[in-house]
Amino acid sequence: MTVFRFPTLHWPIVVVVLFAATGAHATVYQWSSPVSGNFDDPSGWTPTSPPGPPGSLDGALFGVTGEYVVSFGSPLVDNARLLASHGSPTLDLASTRYNLTYPINSIVVGHVVGAHPRATVINGQLRGVQLTIADHAGGTGDLTISAGASMTVTHSSYIGAAGSGVLQIADGAIVDTSNTHVGFRPTTDTITGVGRVTVRNGGWWREGNFVSIGAERGQGTVEILAGSTMDIGRLIDVGPSSEMRINGGTLVVTDPSVFRLRVAPGGRFSFIAGQIEFGASYAFERGANTLRDLLGSTPIIQPRQNLLLPDGFL
């Protein structure tokens, strides 16, 4: 395994807040039964006084078991937080832009020990400040962004933060993130987080800064399957017992002038099938062999194509 030298980074510590008040007079409203319904219908929510649906200062909790669909009808919905603790809710946003504004854990899937929520978002825009899937020891959660949907996380994403978390980007969905931690253990916890991100069936993950895959005392896997794409900005950092896997999909390095890959001993960067693309402005000038010399006029690396990197950088 090749280890690429890279400067030491200091990652932010996730702060876990479950049901802290989201603002003055805020209420956490819970979807009341495993029956499909409309988000705007007050009868679908508890408590009933004041009546739902949750407002801009409130939290929306999906905590009942079973499979059900919650449909949105308004073009814009603002809540402080979205939480899924049990069951398999599908949020059909129906072209709604759903904003979650609380600065810490604005979107949380899997925060109850022993429960395994599986939440799905389709047909609209989900936007939050921070995403956390499986945010403490014993927590488990899956989030799928699927057909017709997009998700934007403006700050940090934690997939498997001391628990076991999965993010799937599927069926043409688009997810934009900045600073993603896949498999993470906070310094205050003794349990290793296990995270997985899978991009499949035409999904597109656009990570603007870095992705840490098990590089912060956790264990992680990222897999890009056929027909799907991952854009990366600055860094892929693969830790021990973790893997970045290109398995038929495409990895696009959006700014090769700043991009770095680091693979720790025991970690893997697996290039099975697919391609790695560099932007038209790519230029690596370290050592005798530039990237252009190695690849020729087409900035695409194919599987099993060997690159000699004398200074240890990619």
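F39 is buried, and Y98 is buried as well, where buried denotes under 20% relative accessible area, exposed over 50% and partly exposed in between (1.4 Å probe, protein chains only). The model is predicted, so local features need pLDDT of at least 70 and side-chain atom pairs count only at pLDDT 80 or more, whereas totals for chains, interfaces and linings use all residues. Residues are numbered from 1 along each chain as its sequence is written, and side-chain values use heavy atoms, with hydrogens and water left out.

**Aromatic pairs**

- The structure contains 8 aromatic pairs; rings of Phe, Tyr and Trp (its six-membered ring) pair if their centres lie within 6.5 Å, and planes under 30 degrees apart count as stacked, over 60 as edge-to-face and the rest as tilted.
- One of these pairs joins F39 and W45 in an edge-to-face arrangement, with 5.2 Å centre to centre and 80° between the planes.
- F39 counts as buried because its relative accessibility is 1%, and W45 counts as buried at 1% relative accessibility.
- F39 also pairs edge-to-face with Y98, at 5.8 Å centre to centre and 65° between the planes.
- Strands (E, at least two residues) and helices (H or I, at least four) are DSSP runs, numbered from the N terminus.
- One aromatic cluster is formed by W31, F39, W45, F62, F72 and Y98.

**A charge over a ring**

- R206 lies over the face of W204, 4.6 Å from the ring centre; the criterion is NZ of Lys or CZ of Arg within 6 Å of the ring centre and within 35 degrees of the ring normal.

**Strand β6 and its partner**

- Strands β6 and β8 run parallel and are joined by 4 bridges; two strands pair if DSSP finds at least two bridges between them.
- Opposite N79 stands L100 in β8.

**Salt bridges**

- The structure holds 6 salt bridges, each defined as a side-chain nitrogen of Lys or Arg within 4 Å of a carboxyl oxygen of Asp or Glu.
- E223 and R196 meet through their side chains in a salt bridge of 2.6 Å, N to O.
- This pair links distant parts of the chain, with E223 in strand β19 (residues 219–225) and R196 in strand β16 (residues 194–200), 27 residues apart.
- E223 counts as buried at 9% relative accessibility, whereas R196, at 31%, counts as partly exposed.
- The side chain of E223 also forms a salt bridge with that of R245 (3.8 Å, N to O).
- Because R245 lies in strand β22 (residues 243–253) and E223 in strand β19, the pair ties together parts that are 22 residues apart in sequence.
- R245 is partly exposed, with a relative accessible area of 24%.
- R196, E223, E243, R245 and R268 are linked in a network of salt bridges.
- A salt bridge also joins D237 and R262, whose closest N and O atoms are 2.3 Å apart.
- D237 lies in strand β21 (residues 235–238) and R262 in strand β23 (residues 260–263), so this pair ties together parts that are 25 residues apart in sequence.
- D237 is buried, with a relative accessible area of 3%, and R262 is buried, with a relative accessible area of 18%.
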